[in-house]
Amino acid sequence: MSKIMPPAHPFDASVLEDDDKLKEECGIFGVIGVGDASNFVALGLHALQHRGQEAGGIVSHDPEQGFQSARRFGYVRDNFTSQKVMETLPGPLAIGHVRYSTTGSKGQTAIRDVQPFFGEFAMGGAAIAHNGNITNANALRRELIERGSIFQSSSDSECIIHLMARSLQRTIPERMEDALRRVEGAFSVVAMTRTKLIGVRDPLGVRPLVLGKVGDGWALSSETCALDIIGAEFIREIEPGEMVVISQNGIDSQFPFRPQKPRFCIFEHVYFSRPDSILGGRSVYETRESIGRELAKESPVEADLVCPVPDSGTPAAIGYSLESGIPYAMGIIRNQYMGRTFIEPTEQIRNMGVRLKLNVNRALIQGKRVILVDDSVVRGTTSRKIKEMILDAGAKEVHFRIASPPTAWPCFYGVDTPQREKLLAATMSEEEMRDHLQVDSLKFISLDGLYRAVGEAKGRNAKQPQYCDACFSGEYPVEPADQIESGFEMKAAE
């Protein structure tokens, strides 16, 4: 076995991300009809940074200079705040993308995998940015390669550009429509031609996309919080299965796909979206507070303090505290300057990983019975370390309350999920997980409780679920063809 060399500096082993959280694959943003559109896009991407921290890209179009693009690894603030870079992206029309890798070379992204992707067609160029995951990408890729397509990246999203190139339709929006009809899975797309900004959501509306008005122009975004940062007015959500084409003549809306009952991703409410965003007409913050209240009703416990695991557990912990009457306290403090934790070469330093990011407020915790509220338990590695830190600080009891049902199935619609056998809930019952984490109690919100918290008063409709909840239920609204071909076993019909 080769010896692992220690990093040159203790903060330098850059592989460790927070591998105990599910990660949204991407954030997309586009603007038309404003001066220096790329500056607006950079700001929008900065607000969507939580949706993708690995790399980002912007494509702009200027009538005189044509299409220009810049793609970079790392944070938006480290790349797209440079005047030198932004001057290379002129024009009144631009789109951008921030990413984590789900498909493609995971964790070792090549710059060619960074979106937006650009294609030159007979009727002019087009760029496309995609949030989601194409579940039949392997089959499409094989077919396209056999017909002579030459792929530049390992990303599933590139299939859309090749399908557009092979389409016989006259205009680029028509070609995109044609291409997306061949695609299965989840897609929210922001695209641009020389004169048009295009937004599309898949028929199930799994991933979000919203429309905003900025001055005389328009913006498309994954979330409303990115409209706020550029001073845009939130107009509405793009409907599931809708395609909007925005030009100087205004907005043209059409529904090119066969209508289906929407299945928006319920985990957007639990974790992915920023708490200051609006989803489905509901404040994400208020929904998370409601989840905490439901959790307190379903799983009460006698304790002295309710503490969030920052930052994602905070609104749910506030809700739990309000409902239970147990005081809310910041028992764990986050170091705001850490960024992501990382895998370290030695056990001693590896154990510091969580401490670099989180520290226990010892004076508050000592001698107390503590309820820790977190948004999810994926592998359980971080939960164990946090529990140990709380006990080391002198806590009398530790009770975990989780603001989502057990994550027992991988997501194939644009979320970076571990293989099923690495998900704690795939192999253990709630009681076994409690033993594994060695806590006094562990309770997850029920699936019905989660549905009630997001506004479905009667809970989940088992015959026709109102949301995509495959990561909890194993019921996939779109069959993941590529995964099944690779040996993934679907949940047996009951």
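Author: Strand β21 (residues 369-374) and strand β22 (residues 397-402) pair in the parallel sense over 6 bridges, where two strands count as paired if DSSP finds at least two bridges between them, and where strands (E, at least two residues) and helices (H or I, at least four) are DSSP runs numbered from the N terminus. The model is a predicted one, in which local features need pLDDT of at least 70 and side-chain atom pairs count only at pLDDT 80 or more, while totals for chains, interfaces and linings use all residues. Residues are numbered from 1 along each chain as its sequence is written, and side-chain values use heavy atoms, with hydrogens and water left out.

The two strands belong to an open sheet of 4 strands, ordered β18-β21-β22-β24, with parallel pairing. Its edges are β18 (305-308) and β24 (441-444), each of which has a single partner strand, so one side of each is left without a neighbour in the sheet. On average, and with direction ignored, neighbouring strands here are turned by 20 degrees against each other. Helix α14 (residues 381-392) packs on this sheet and touches both β21 and β22, contact meaning heavy atoms within 4.5 Å. The direction of α14 makes about 150 degrees with that of β22, the axes being lines fitted to C-alpha atoms, for helices over the stretch in contact, and the angles running from 0 to 180 degrees between N-to-C directions.

In the loop between β18 and α10 (314-324) lies Asp311, which is joined to Pro310 by a cis peptide bond with omega about -10 degrees.

Elsewhere in the chain, 7 strands form another open sheet, in the order β4-β3-β5-β2-β11-β10-β12, and here the pairing is antiparallel. Its edges are β4 (66-73) and β12 (233-237), each with a single partner strand, so one side of each is left without a neighbour in the sheet. From one strand to the next the twist averages 15 degrees. Within this sheet, 7 bridges join β2 (residues 26-32) to β5 (residues 93-99), and Val31 has Ala94 in β5 as its bridge partner. Asp36, in the loop between β2 and α1 (37-47), has a positive phi near 50 degrees, and its relative accessible area of 46% makes it partly exposed, a class that lies between buried (under 20%) and exposed (over 50%), with a 1.4 Å probe and protein chains only.

As for confidence, the mean pLDDT of the chain is 90, and 90% of its residues reach 70 or more, pLDDT being the predictor's confidence in each residue, from 0 to 100. Over residues 1-17, however, the pLDDT is below 50, although this stretch has 27 contacts in the model beyond near neighbours in sequence. Residues 339-345 also have pLDDT below 50, with 36 such contacts.
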